[in-house]
Amino acid sequence: MTLVDWLDRADRGLGAVLAGRQIPAARGAAAQACLGLLLRGLEAGACASESFHRRHVRGARARFLFRTEDRALASHLVLDGAELRAGVGDDGRPDDAEWDVVVVFRDASSISRLLLSGSPDVVLALVRRQLRVRGNLALLYKLGFMLFDLGGRLGLRPGGAP
Amino acid sequence: MREVGSPLVAAIKRHSLEDGPGIRTVVFLKGCAFRCSFCQNPETRDPRAEIGFSPASCIGCGRCVQACPRDAASTTAPERIDRDRCDRCARCAGACPSGSLHVIGRTHEPEALVAALLRDRPFWRHSGGGVTFSGGECLLYPRYLERVLRLLVAEGVHVTIQTGGGFDYDRCAARVWPYVRLVQFDVKLADPRAHRKHCGTDNGRILANLRRILAEPGLEVQPRVPLVPGVTDAPGNLEAIVELLVDAGADRITLLPYNPLCVRAGDRVGLPRPLHPERFLTWEEEGAARERVRRALGARRIRTAAPEGPAKGDLHPRLTVLGSTDRSRQGA
Amino acid sequence: MSTDLLLDPVRLGRLEQIDLPPRIVRLRELHLRAVPEVCMERPRLLTRLARERSLLDRTRISVLEQARLYREVLESREPVVAHAAAWLEGTGEVSLRGEPLPLLAGSTTSRFKGVPLYPEFLALTLWPELEELPRRRSNPYRIRPAEVDELNHDIFPSWIRAHVAEVARARAGASLEDGLLGHVDLYLLSKLSCISHTIPDFGRVLRRGLLDLAEEARQRCRRARGADRRDLYSALEEALLGTVAWGHRLSAEARAMAEREPDAARRAGLRALAEAHQRAPAEPARTFREGLTAIWTCWNAVLLENANYGLSLGRLDQLLADLYRADLEAGRIDQEGALELVCDFWLKVGDHVPGVPGTGEAFFGATGSNQAVTLGGVDAEGRCAVNELSHLLLRATELMRLRDPNVNARYHPGVNPPAWLRRICRANLRTGATPAIHNDRAVVRAMTARGETLAQARDYGIVGCVEPTSAGRAYGHSAAILVNLVSVLDLALFRGTRRDGGQLLGVDTGDPGGFAGFGAFREALSAQIDWLAARTTALNDLLGAVHQDIHPTPILSSIFEGPMEQGLDLSRGGATINGSGVAVVGLADVVDSLSALQIHVYERRTVGFDALREALLRDFAGDAVLRAMLARSPRFGSDDPVARENATWLLGELDRAFGSRINYRGGRYRVGYWTMTTHVGWGSLAGALPSGRRAGAPFASGITPVSGAVPCLATSLGAMAGLPAEAITSGMAHNVKFTPSSRARSEADLAATVEAYFDDDDGRRNGGMEVQFTLLRPEAVADALAHPERHGDLLVRVSGYTAYLRDLSPAMRREILERTAFALASEGGEGFTLSLGEVQA
């Protein structure tokens, strides 16, 4: 058993919501904008919805960095136990070791290729070396669950919010 | 027909369950005097090597067209080779990357053939099987067979011969019978005119050989009648064959179920398709033939057991028509 | 010998007449219709207790602490005698009151069919899809919204930094971290999910009872030197007493239910349950029922400790034969009663399914827990060990047709009666998929080549899929590493990098286009194999060390040969025999590719290496001629000496590269060839190969030749029987697919075929080691695909295990349907013969 499971599960929510199919408005947007939008969505969800905040943010501590291999593009997401913050750039912390999870895309095009493909296949992206993950994968699973929940709340997936 | 040199082997079929007792390794020799319309192995008629074509693996690359010096190959013709122009130089087969075009018929020195056959010894050992020579008409080559069989029998191998009956009796009796345990002798038609019509020759020699071999002491002979709708089940034929066999002292008769593969069997070597049905007969349809044989035997005061029907839920009831000699012996 | 009641042929014949009692028919129907439900009991108890004891942030947990933890869980779990409700497909929750009572109490989870969660291993991988679980297309699990919240809020967060994978990652350091996480195309490491590919020593459980074992642990503790040993012995005692407590609590619950039960028959049934569980496994087993009860109760306990990936039951027909015989002789049981008990046991064993996240389906699709049972073969002295119980267990298997347990039959040519092999073949014809058949001669040869004594080797049971393991004494973790051999070939083809370039991964072995000959290419591949062996075994050892530190296994250690004697937990090498297994995936495709390279690139030079490489990268687009030519190279599974030589060389290389390494417990690595469904999963990711295989196509399963490559059964079996058994030390799965026929000879034909395949041809070859059949009736499959609801129990052979066809992914179904099918009877049939010998008087 298997890393594949982990990685795909962890990123399924991410991938699904990132895909243009789930945020049609984002289709065609630049990779950075797309990623930024997504993370902002989480931030908005955490602020706007008391239940989302209670479910995912309160008591949770994790620091996520998303960047390209050459660090030309970067976004981050921080859970500090009380709040969720998202933003462009590396938040002034260029060292990967300062983050719990770092998702590294090979280049900008691999972000768009993944985010804007009809059905993002994270395993394939990993195998094809379009991205790699460093850090505690359990946090990525948690993020996946948050994104899945967000998708439901925004009515982006059948079934909606539980 | 005079035996010149080594015959060509068209194919060696391993793990056959229906060509004699146990698990068999079957050697098909090329060359046959008959031209039966329902022949299952028409690529074994011609004693010479020929070019086979399997459309499924053809990738349409056209290398055969470039290779052929006589302009006989074409990627557009469904049969690929114009057999009238082809002189069997086999350059097309040599050039074919996928093996779709291939040579049928290779010589095997007896020692090499036996060595290849003996790989299957474990299968024979545990099933009571052995080697079956078939064809074509393998008995056209008694000298070659003798050389092969001597080696096989020295290894303790059970040998079965399948024949259509067109052979030189005395030469076979001298060279082949001493090594053989079972002869499966196909009898198709009793009437000479019908035989000429469906098999291309007179059947006088076949019937004479049949009578002689049935009288041969110590040789197990299994006469087999292939069921072919409209041919071997024609009025009177089965009855006449029964008469003939009973008179000649046969101790059994086997009905081989009709096999529709004969219709397309010649495609590979560019032979026209015969007009036979393209489906198996059902157990019930075959029942009529069985019943006729049984009645004919009854007329000779021979009673037989009812054969077992196909098992419930069987996929191909017609495929599993069986009844061993042991089982049918319970009849009396 | 013929005086033995268990060898009476008349009694064996009578077994054939027994059918399933209505009680079992009903329970089986409920079992097949039940939808797995996530069980919260274990993660909830474990999390609470671990938190209370501050174990979650510890870098080392002693075996005694672990044992105390488990004992408390065993003393806190709800003792379920009969489940009150089940969730049925298409129906929803139904009450089970009034349904037949089981003959064994207790269950792996709190649910009728449960998904146990192991947050210390891989349960957190389910986190992203928790809400999706009931709705996902393949193998959905039921979970309640409140349970989702509890997992998300309370349970999973506790383990974020405390589960094995994360602890290993934190320790790995930069170079190995990438190896743990980033090379899923090259290998899979299963210690992330647990170490349970082994067989407990139920012999000591049945002979001595757990209280006696606990007493021994107490005595040894008193005499032991050093705190670690004393801890270990105390831990064994705690574990044994915890298991005893679980049995007694089940007994008490059954007795309490009996008090309340108005129906006299059910009351009697409950009292019998109470009695059996009071006795077993605390005391030595006296009856067949107590024997099964003891094994089942221990099974519950062991599965509390470890996730079930191929934890196997061993040789039940040997373990229970004396108890069964004694019952028969005393008139306590008859064949019908024993068969019914076994059917109950089979259903119990399948009462849980592994929690597999969606993508895992590609690699381990539709698998149960692969709990192998082994029947037949020889005893430690080499005598025939087949008895009536072997036949009875086989009869139960073919009547029940369940994917779990995974039943394996042993056959020792020349020692076991041919009737046993025919019986095994009949079961295969009836079920279409089971049991797999193992050749004792070849297996014992392979095991003794690795150092087992003859007696230890002869006492092998199958673990998981097909891996032979000396039962109750070998802690082999035969599934520790799964290797994608095709990706290793890629490293040799592309100078140590992946096809799309990128950083150096393996070894830069140079441009194969510049090699002087095929020998140099082999050396390059050999170097990549060495790199992979070094890398994967280092990672396995790292994970093993994490298990030693935070996940010692006192329960399994308490019923195993070695830990008691040596004073060492299994995770630290306490077993009598230690090892780790590597399963190699893609062997046939790589051998075929080697032969194609040898012939076309290096010998005939029909194609240059650069041109070939370009063609591979284009997936042969525009290269139909080249591809056709390559595909006609000598094929693995044929008689061709080139193919045979490459296969023998490669098997030897893999055996050398892994077999020379010693694992963290002091045991050697062993190599086996079975694939589960990884040959489809990895195949879908792999590019075109020199063998002519197109990108994305499945690899051949197990050690089976590539589908269609060798259309002749005798050729294929002959070649497989010639493989070097001593290089295949962790089992192999050889799939042979037949189109069935109902001719009366089929059983004999199949048996003769297996016998011939196993035959060593008077020492000219090794003889086939294993074979497993797929007997699919095309029309049954077509109907099952069109109407899955009607065929919930259609079993098919995957590779090493059986699965229900409806659970398999479309790609896996396709792979099975496209396997080379051999005919058991040709289209023509052998004819119908009338004897002319009987002239009427």
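pLDDT is the predictor's confidence in each residue, on a scale from 0 to 100. I start there because what you see above is a predicted model: local features need pLDDT of at least 70, side-chain atom pairs count only at pLDDT 80 or more, and totals for chains, interfaces and linings use all residues. Residues are numbered from 1 along each chain as its sequence is written, while chains are lettered from A and ligands numbered from 1 in the order in which they are written.

Confidence in chain B, then. The average pLDDT of chain B is 89, and 90% of its residues score at least 70. Residues 309-332 of chain B fall below 50. That stretch still has 67 contacts in the model beyond near neighbours in sequence. A contact here means two residues whose C-beta atoms, placed from the backbone, lie within 7 Å. Where pLDDT is low, the predicted coordinates should not be read in detail.

Now the chains together. Two pairs of chains touch, and the pair with the most contacts is B and C. Chains A and B share no contact. Their closest C-alpha atoms are 31 Å apart.

Next, secondary structure. Helices are DSSP runs of H or I with at least four residues, strands are runs of E with at least two, and both are numbered from the N terminus. Chain A has six helices and five strands. Along the sequence, the pattern of chain A is α-α-α-β-β-β-β-α-α-β-α. Chain B has 11 helices and 10 strands.

On to burial. A residue is buried if 20 or more other C-beta atoms lie within 10 Å of its own, exposed if 12 or fewer, and partly exposed in between, with C-beta atoms placed from the backbone. Chain A has 162 residues, and 51% of them count as buried. For chain B it is 45% of 332 residues. Take contacts with a separation of 6 or more: in chain A, 68% of them join residues 24 or more positions apart. In chain B, that share is 71%.

One helix in detail: α8 of chain B, residues 204-214. Its buried residues are B:I206, B:N209, B:L210 and B:I213. Seen down the helix axis, they fall within an arc of 105°, so they line one face of α8(B). The arc is taken from the directions between the helix axis and the C-beta atoms. B:G204 and B:A208, on the other side of α8(B), are exposed. What do the buried residues of α8(B) pack against? In chain B, they pack against α6 (169-175), β8 (182-186), β9 (220-226) and α9 (237-248).

Chain C has an open sheet of six strands. The order is β6-β7-β8-β16-β15-β19, with mixed pairing. Strands pair if DSSP finds at least two bridges between them. At the edges sit β6 (372-376) and β19 (821-823) of chain C, each pairing on one side only. From one strand to the next, the twist averages 35°. The parallel strands β6(C) and β7(C), the latter covering residues 406-411, are joined by five bridges. Within that pair, C:V373 is opposite C:V407 of β7(C).

Last stop, C:E261. This residue is in the loop between α9 (227-260) and α10 (264-279) of chain C. Is C:E261 buried or partly exposed? C:E261 counts as partly exposed, because it has 17 C-beta neighbours inside 10 Å. Leaving out residues up to four places away in sequence, C:E261 touches C:R266, C:R267 and C:L270. C:F112 is 149 residues from C:E261 along the chain, and their C-alpha atoms are 21 Å apart.

Definitions and conventions. Axes are lines fitted to C-alpha atoms, for helices over the stretch in contact, and angles run from 0 to 180 degrees between N-to-C directions.
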